[in-house]
Amino acid sequence: MSIKKFIDHHYRHFNAAVVKDASVAYVDHLNKGGKMLLAMAGAMSTAELGLSLGQMIRDGHVHAISCTAANLEEDLFNLVSNKEYVRIPNYRDLSPEEEVKLRDKGLNRVTDTCIPEESAMRKIERKVFQCYKEAEDKGERYFPYEFMYQVIRKGLLENEYQIDTKDSWIYEACQRNIPIFTPGWEDSTLGNMVVAHVFRKELKSTSVIKSGLEQLAFLVDWYLDNSKDASIGFFQIGGGIAGDFPICVVPLIEQDIKGKCPYWGYFCQISDSTTSYGSYSGAVPNEKISWGKLEPSTPRFVIESDATIVAPLVFQYVTEARAESKSKKQVVAAGASK
């Protein structure tokens, strides 16, 4: 039984039903010609979400991404050092002394997974620095994701991939040249390292990397351009800046720029946060109506669960459903040609 058929048959009530409803609405949105922005918080890249998200991007079901800077860099870390990661199944039982041992071995723990300092973080730092330095010497400036794309396109890591590139979401995003917005770039390992390069006089300043405000202006241009002939949906994993940054583009255009644009045409959030009007992560979607982000008619869903479990299911459902739609269209077209 396919994942789509399994969900259609078994996911009938309560939180499970929301998984199905949100997946069906995602497919309907795309089938009507809509586009989708994915907002991604949490350590999804270290959780290897690229295994399913890579397919979604490759098939054209995701058209832009807003993510924490950590998610951007950690997918690259995983691409070049996956086999050297260390899994700690009993991470809940670790003593402070055992944590020190991990630190001393250069193993940075994210829940049950340790990212190796030298073979992942420092390896990427050295390659990205080459791109920073080249840009600075030429008087050029780029967004963070553009530097990551340069590393991939220049082949600076080509001989060091440890996973299939189809399982790297940033590699697939690079192939399709989709924009990746990373608000709060400084809140990342590579962001820390840029500041270190400046302090060591290896870079003149941090300005070689375009700022968060410049990313916001770029997002305005992207939204206005892409919403001219398509409804844009919003699929959010977790909360925080990765989600709040991009969804605010609509009230920014409408209320601050005094322009015109359609509201988001679909909204879904996967969150394990307790429902609360005091936290962004726990706010229910209808709160966004009062902020001028969503219309009352916008399909809205909150899946209260662990994104590492739910997101791959939704992505696979969308992938299978879209493949079915494409197959049916081909059959109809073949029949019409006869």
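Mentor: Arg126 is partly exposed, with a relative accessibility of 44%; here buried means under 20% relative accessible area, exposed over 50%, and partly exposed in between, using a 1.4 Å probe and protein chains only. Its side chain meets that of Glu118 in a salt bridge of 3.1 Å, N to O, where the term denotes a side-chain nitrogen of Lys or Arg within 4 Å of a carboxyl oxygen of Asp or Glu. Glu118 is likewise partly exposed, at 48%.

The model is predicted, so local features need pLDDT of at least 70 and side-chain atom pairs count only at pLDDT 80 or more, while totals for chains, interfaces and linings use all residues. Residues are numbered from 1 along each chain as its sequence is written, and side-chain values use heavy atoms, with hydrogens and water left out.

By the salt-bridge rule, the count is 19. One of these joins Glu172 to Arg58, with 3.0 Å between the closest N and O atoms. This pair links distant parts of the chain, 114 residues apart: Glu172 lies in helix H8 (residues 169–176) and Arg58 in helix H3 (residues 50–58). Helices are DSSP runs of H or I with at least four residues, numbered from the N terminus. Glu172 is buried at 8% relative accessibility, whereas Arg58 is partly exposed at 28%.

Asp167 pairs with Lys166, their closest N and O atoms being 3.4 Å apart. Asp167 is buried at 17%, and Lys166 is partly exposed at 38%.

Notes. Helix = DSSP H or I, 4+ residues; strand = E, 2+ residues; numbered from the N terminus.
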